[in-house]
Amino acid sequence: MKNKYILSFFRSTYLSLLLFVAFSTLAITNAQSNDKHLFHDAHFHITNYIQEGIEMEFYVDSILGDKVGRSTVFGLPLQQQWSYRVTGEAAPTYYLDTDAPLYYYSFCDAWIAMQYKNLPKEKQERLDPMIIGFNVTDMYATDHIKRVLTTFPGVFTGIGEFSIHKEFVSAKISGDVASLTDPALDRIFEFCAETGLLVLIHNDIDNPFPKPGKPNYLNGFQDLVERHPNTTVIWAHLGLGRIIKPIEDMGELFLDMLADPAYKNLYFDLSWDETAKWLMSSDKAISRTAEVISKYPDRFMFGTDNVAPLQQEKQLNVYHIYDPLWKAIGEETTYKVTKGNYERLFNDARTKVRTWEKANVKTK
C-alpha cells in the first residue's frame, strides 16, 4: 500500500512537471509569435562625435518603426575639438578627421533626458536611455552619475557605452589615460551594483597591430569583472574593433570565460558592422561563433551600434549581415539573442534603478 502511494506521488509529480514544461514552452512560443519585431537594439548612438544627431521621437517613429521593438539610446561621451590651427575651415565630424583631441562632454546626459521626458509614455516604454557624460579617470565620475539619476528620475537604465581601451580614440582624449585598474572605474562599478544600473563598456581585447602572444587588455578586463561580481557588465563588440581582429582561438577563450562562475555577471553584445566583418568572414568563423552562442544563448545580445541614421534601412542592415548566423543558431536561440536577453536584463535593471530612485530621490 505504501509503495502504491509513493508510485502515485511520483506519477503526479511527473505529470505536473510535464504540464509546467509544456505551458512554459507554449508561453515562450506565444511571446515569440506575437512579437513581430525583428530585434531589440542593445547598442545605439543617437548623436555623433560633435553632438549632432536625430530627434528621439523621429528615432522611435521612423527608425524603430514597426521593425525594431525596443532600443538603448545614448550619445557619445566625447566631443571632437575643432582646432582651426589643425584643419582650418574644415570642421571635423569624426575622430579620424583631425589630429585635434577629444574631450569629455557632460551635457549629453541632460539632452538625452529632456528628449526622453518629452515623449509620450508609450514611446518612452520602447527606450532605455544610458548615462555616458562622465570622465572615467575622475573619482568624481560617480557623483556625476548619481546627480543625473536624482535630477532625472525615471529615465535611465544603465551607463555607457564608455571606453577604456579603444583603437585610435583613447590616445586622443585630453587628460589622464583611462585604465582598467583605476580606482575611479572601481567606484563607478560599485555604484552601478548599488543602483542596478547596467554597464555597457568598450574595451578592446588587444592593442592595434599587436605582437604575437597574450592580448594586452584581456587580463585587466577579466580582473575588473571579477572584482565586481554584483555589477552586470555588457562587453561591447566582444572586444573587437575596426582593426582589432579576433585573437587566436578566441572561441575557446570565450567558452572558458562563459563556463567560469567568476564571470557570471558578464554578457556580450554583437553590435557594429565592423564586428560582423570578423564574425561573418568565413563559414568557419560563422560556425565557431554559432557554436559558442548556442552553448550559452542567455549571455549574448544584438545591437546595431549605428550613429543617428536617417533611414530605417541602415538600422536593419546590420541585423541582416548576421542572417547566416541566425540560420546557424536556429529560431529559439536567435529570439534570445535578438530580443529575449535584452528584455530580461533591461527589465530587471529598470526595476532596480527605479527602486533605488524611490529610496534616494527627495520629493517635495
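Student: Where does pLDDT stay under 50 in this model?
Tutor: Over residues 13–31, and for that stretch the model has one contact beyond four places in sequence. Keep in mind that this is a predicted model. Where pLDDT is low, the predicted coordinates should not be read in detail.

Student: OK, and what does the protein chain average?
Tutor: The average pLDDT is 91, and 90% of the residues score at least 70.

Student: Let's do helices, then. Which residues of α4 are buried?
Tutor: Helix α4 spans residues 107–117, and its buried residues are Cys108, Asp109, Ile112, Ala113, Gln115 and Tyr116. Looking down the axis of α4, those buried residues fall within an arc of 165°, so they line one face of the helix.

Student: Why would residues three or four places apart point the same way?
Tutor: Because an α-helix has 3.6 residues a turn.

Student: And what do the buried residues of α4 pack against?
Tutor: Their partners are the helices α2 (56–64), α5 (121–124) and α6 (141–151), plus the strands β3 (68–73) and β6 (127–131).

Student: How many residues of α9 are buried?
Tutor: Seven of its 10, so helix α9 (residues 250–259) is mostly covered. The buried ones are Met250, Gly251, Leu253, Phe254, Leu255, Met257 and Leu258.

Student: What covers them?
Tutor: The cover includes α8 and α11 (283–295), along with β9 (233–235), β10 (266–269) and β11 (300–301).

Student: Switching to helix pairs. At what angle do α7 and α13 cross?
Tutor: Roughly 90°, with the axes of α7 (residues 183–195) and α13 (residues 323–360) coming within 8 Å. That makes α7 roughly perpendicular to α13. On the α7 side the contact is made by Phe191, Glu194 and Thr195, and on the α13 side by Lys352, Val353 and Trp356. Sorted by class, the contact of α7 with α13 has three nonpolar, one polar and two charged residues.

Student: What about α6 and α13, how do they pack?
Tutor: They pack at an angle of about 80°, and their axes are 10 Å apart. That makes α6 roughly perpendicular to α13. Here α6 uses Lys146, Leu149 and Thr150, while α13 uses Val353, Trp356 and Glu357. By class, the contact of α6 with α13 has three nonpolar, one polar and two charged residues. Val353 and Trp356 of α13 are named in the α7 contact and in the α6 contact.

Student: Is Thr142 buried or exposed?
Tutor: Thr142 is buried, with a relative accessibility of 10%. Thr142 lies in helix α6. Setting aside neighbours within four places in sequence, Thr142 is in contact with Arg187, Ile188 and Phe191. Phe191 is also one of the α7 residues in the contact with α13.

Student: Now backbone geometry. Which residues does the cis peptide bond join?
Tutor: Gly160 and Glu161, with omega about 5°. Glu161 lies in strand β7 (residues 158–163). As background, most residues other than glycine have a negative phi, and most peptide bonds are trans.

Student: What's the phi of Gln51?
Tutor: Near 65°, a positive value in a residue other than glycine. Gln51 lies in the loop between β2 (44–45) and α2. Gln51 is buried, with a relative accessible area of 17%.

Student: And Asp305, what's its phi?
Tutor: Near 60°, again positive in a residue other than glycine. Asp305 lies in the loop between β11 and β12 (306–307). With 12% relative accessibility, Asp305 counts as buried.

Student: Last topic, the surface. Is Pro212 buried or exposed?
Tutor: Exposed, at 83% relative accessibility. Pro212 is found in the loop between β8 (198–202) and α8 (218–227). Pro212 and Ile247 are 35 residues apart in sequence, and their C-alpha atoms are 9.4 Å apart.

Student: Where's Tyr84?
Tutor: In helix α3 (residues 84–87). Tyr84 is exposed, with a relative accessible area of 56%. The C-alpha atoms of Tyr84 and Ala100 are separated by 9.4 Å, and the two residues are 16 apart along the chain.

Notes. Residues numbered from 1 in each chain as written. Predicted model: local features only at pLDDT ≥ 70, side-chain atom pairs only at ≥ 80, totals over all residues. Heavy atoms only, no water. Buried < 20%, exposed > 50% of the residue type's maximum accessible area, 1.4 Å probe, protein only. Helix = DSSP H or I, 4+ residues; strand = E, 2+ residues; numbered from the N terminus. Arc of directions from axis to C-beta. Contact = heavy atoms within 4.5 Å. Axes fitted to C-alpha atoms, helices over the stretch in contact; angles between N-to-C directions. Parallel < 35°, antiparallel > 145°, perpendicular 65-115°, else oblique. Nonpolar A, V, L, I, M, F, W, Y, C, P; charged D, E, K, R; others polar. pLDDT = per-residue confidence, 0-100.
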